[in-house]
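Please look over the notes below on charged side-chain pairs. They are set out as numbered points.

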Amino acid sequence: MRAVVVEQWGGPENLVEREVERPEPGLNEVLVRVHAAGVNPVDWKTRAGGALIEWGAVPAVGWDVSGTVEAVGPGVGIFRPGDEVFGMPLFPRQAGGYAEYVVAPARHLAPKPAGLTHVEAAALPLAALTAWQALVDAADVRPGERVLVHAAAGGVGHFAVQIAKARGAYVIGTASAGKHDLLRELGADEVVDYRAVRFEDVVSDIDVVLDGLGGETAERSLGVLRAGGRLITLPGPDDVPAGAPDGVRASWVLVEPDHLGLREIAALVERGALRPVVETVLPLAEAAKAHELGEQGRTTGKIVLTVA
């Protein structure tokens, strides 16, 4: 099968397409024929060799996939060959999603939302699950709460805006001015141009901050939280600021495969409360170009590779 592998850890030029052996499903696993593969910041951080990731024996890259079940291993009862599925298998171990086929534990996948193409569905898993697990599982966002989403037009951010809104929250997003109309379309109640003002000068009394930036942004976010507020930061454990005020909880969330979470996300899609924004679609052979674009840090929504 065709697969994109990393010849050596480093720049995008180290992503190359190769013919490799097709995997076979084992106990409780399925073989998925990949139609599209999502591209995430953790992909290029992994390729560069600096991510907090469990390295696989094969120099593969990529987690987000949408495709068709080709075969099922012994013990699988929830899928049959021909089922359309999407998911984020094995994270943080390598899955090798930039390939024609991938093997996944059956419950690392879920039925693909019927109204989405494979390209759209491949944009969902890692970013939407990150937003879901941060806002729902970790922060337990409730109706009427005020939620601030940093980098709100990015991969995780644009899903977080929609998920928080679906939970009944009042949603504020930070983004450059050119992305404000999109955020309003996605449900943001307020938008802040971080290039024009410091968010802490115009935002206050926040119940939940979702911080996809870390560093100084995480530190400054403590000041906008009310008593009982929750700061969820995503880049890494070192980005959790020390010295949170009494009554404020600051924590780090690392996404994990989640069959039930994927089903909840699919349900939001099917009722019109969540939609992926796909900015760029490229063929598998142009994975290096996808990484180059992503590393510029200006992507709105997601980048997706077409495979089949």
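1. Buried here means under 20% relative accessible area and exposed means over 50%, with partly exposed in between. The model is a predicted one. At 22% relative accessibility, Arg2 therefore falls in the partly exposed class.

2. Arg2 pairs with Glu100 in a salt bridge, with 3.5 Å between the closest N and O atoms. Arg2 belongs to strand E1 (residues 2-6), while Glu100 sits in the loop between strand E5 (84-87) and strand E6 (101-105); the two are 98 residues apart, so distant parts of the chain are linked. Glu100 is also partly exposed, because its relative accessibility is 25%.

3. A salt bridge joins Asp189 and Lys165, at 2.8 Å from N to O. Lys165 is in helix H4 (residues 155-166) and Asp189 in the loop between helix H5 (180-186) and strand E10 (190-193), so the contact ties together parts 24 residues apart in sequence. Asp189 counts as partly exposed at 33% relative accessibility, and Lys165 is partly exposed with a relative accessible area of 33%.

4. Arg220 and Glu200 form a salt bridge whose closest N and O atoms are 2.9 Å apart. This pair links helix H7 (residues 215-221), which holds Arg220, to helix H6 (residues 199-202), which holds Glu200, across 20 residues. Is Arg220 buried or exposed? Arg220 counts as buried, because its relative accessibility is 19%, whereas Glu200, at 23%, counts as partly exposed.

5. Searching the whole structure gives 17 salt bridges. Asp140, Arg142, Glu145, Arg167 and Arg230 are connected by salt bridges into a network.

How values were computed:
Residues numbered from 1 in each chain as written. Predicted model: local features only at pLDDT ≥ 70, side-chain atom pairs only at ≥ 80, totals over all residues. Heavy atoms only, no water. Salt bridge = Lys/Arg side-chain N within 4 Å of Asp/Glu carboxyl O. Helix = DSSP H or I, 4+ residues; strand = E, 2+ residues; numbered from the N terminus. Buried < 20%, exposed > 50% of the residue type's maximum accessible area, 1.4 Å probe, protein only.
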